[in-house]
Amino acid sequence: VVAVDENGTLAFHYAIPVKAVAAAMDELAEDFMEHVDAAKVVPMHFWKQYALIREYRSSLPAGERERILAVEHENQEMII
């Protein structure tokens, strides 16, 4: 997970094994979002299991959903 602040500066980064993420996505993400006030969050290291990101984003209210960037395929490029 990478967090970028309002100025585009890397604010935080950590990796969580995908099996742990699948089992506890809501709790892990809520904890991360609560402690890191990032403008944008880029989920990483999902080993091509992009549905996990879509499922989590769809469970959030609109204002929170936009903070987590939608990663949908390998080598995806984003402009932040």
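A residue counts as buried when its relative accessible area is under 20%, and Met 33, at 12% relative accessibility, is therefore buried. The model discussed here is a predicted one, and its secondary structure comes to three helices and three strands, which follow one another from the N terminus in the order β-β-α-β-α-α. Of the 80 residues in the protein, 34% are buried, and among the contacts between residues at least 6 apart in sequence, 59% join residues at least 24 apart.

**Met 33 and its surroundings**

- Met 33 has its place in helix H1, which covers residues 18-35, and, once residues up to four places away in sequence are set aside, Met 33 touches Val 41, Glu 64, Arg 67 and Ile 68.
- Although Met 33 and Glu 64 are 31 residues apart along the chain, their C-alpha atoms are separated by 9.2 Å.

- Arg 67 lies in the segment after helix H3, the helix of residues 62-65, and because its relative accessibility is 15%, Arg 67 counts as buried.
- Not counting residues up to four places away in sequence, Arg 67 touches Met 33, Val 36, Asp 37, Ala 38, Ala 39, Lys 40 and Val 41, so that Met 33 and Val 41, both of them on this list, are also found touching one another.
- The side chain of Arg 67 meets that of Glu 64 in a salt bridge, with an N to O distance of 3.1 Å; the Glu 64 partner is partly exposed, having a relative accessible area of 31%, whereas the Arg 67 partner is buried.

**The salt bridge between Glu 74 and Lys 48**

- The count of salt bridges in the model comes to two, and one of them is formed by Glu 74 with Lys 48, whose closest N and O atoms are 3.3 Å apart.
- Because Glu 74 lies in the segment after H3 and Lys 48 in the loop between strand E3 (40-42) and H2, this pair ties together parts that are 26 residues apart in sequence.
- Glu 74 is partly exposed, with a relative accessible area of 47%, while Lys 48, at 58% relative accessibility, counts as exposed.

**Arg 57, buried without a salt bridge**

- Arg 57 belongs to helix H2, which spans residues 51-58, and it is buried yet has no salt bridge, the nearest side chain of opposite charge being that of Glu 66 at 5.2 Å.

**The largest pocket**

- The largest pocket holds about 260 Å³ of space, and its lining is made up of 15 residues, of which Pro 43, Met 44, Tyr 50, Val 71 and His 73 lie nearest the centre of the pocket.
- By residue class, the lining of the largest pocket divides into nine nonpolar, four polar and two charged residues.

Note on methods. Residues are numbered from 1 along each chain as its sequence is written. This is a predicted model: local features need pLDDT of at least 70, side-chain atom pairs count only at pLDDT 80 or more; totals for chains, interfaces and linings use all residues. Side-chain values use heavy atoms; hydrogens and water are left out. On a 1 Å grid over the protein atoms alone, a cavity is a set of points where a 1.4 Å probe fits but cannot get out, and a pocket is an open set with protein on both sides within 12 Å along at least five of seven lines; lining residues have an atom within 4 Å of a point. Grid points are joined across faces, edges and corners, and a volume is the space filled by probe spheres set on the points. Ala, Val, Leu, Ile, Met, Phe, Trp, Tyr, Cys and Pro count as nonpolar, Asp, Glu, Lys and Arg as charged, and the others, Gly among them, as polar. Helices (H or I, at least four residues) and strands (E, at least two) are DSSP runs, numbered from the N terminus. Buried means under 20% relative accessible area, exposed over 50%, partly exposed in between (1.4 Å probe, protein chains only). Lys and Arg count as positive and Asp and Glu as negative; His and the chain ends are not counted. A salt bridge is a side-chain nitrogen of Lys or Arg within 4 Å of a carboxyl oxygen of Asp or Glu. Contact means heavy atoms within 4.5 Å.
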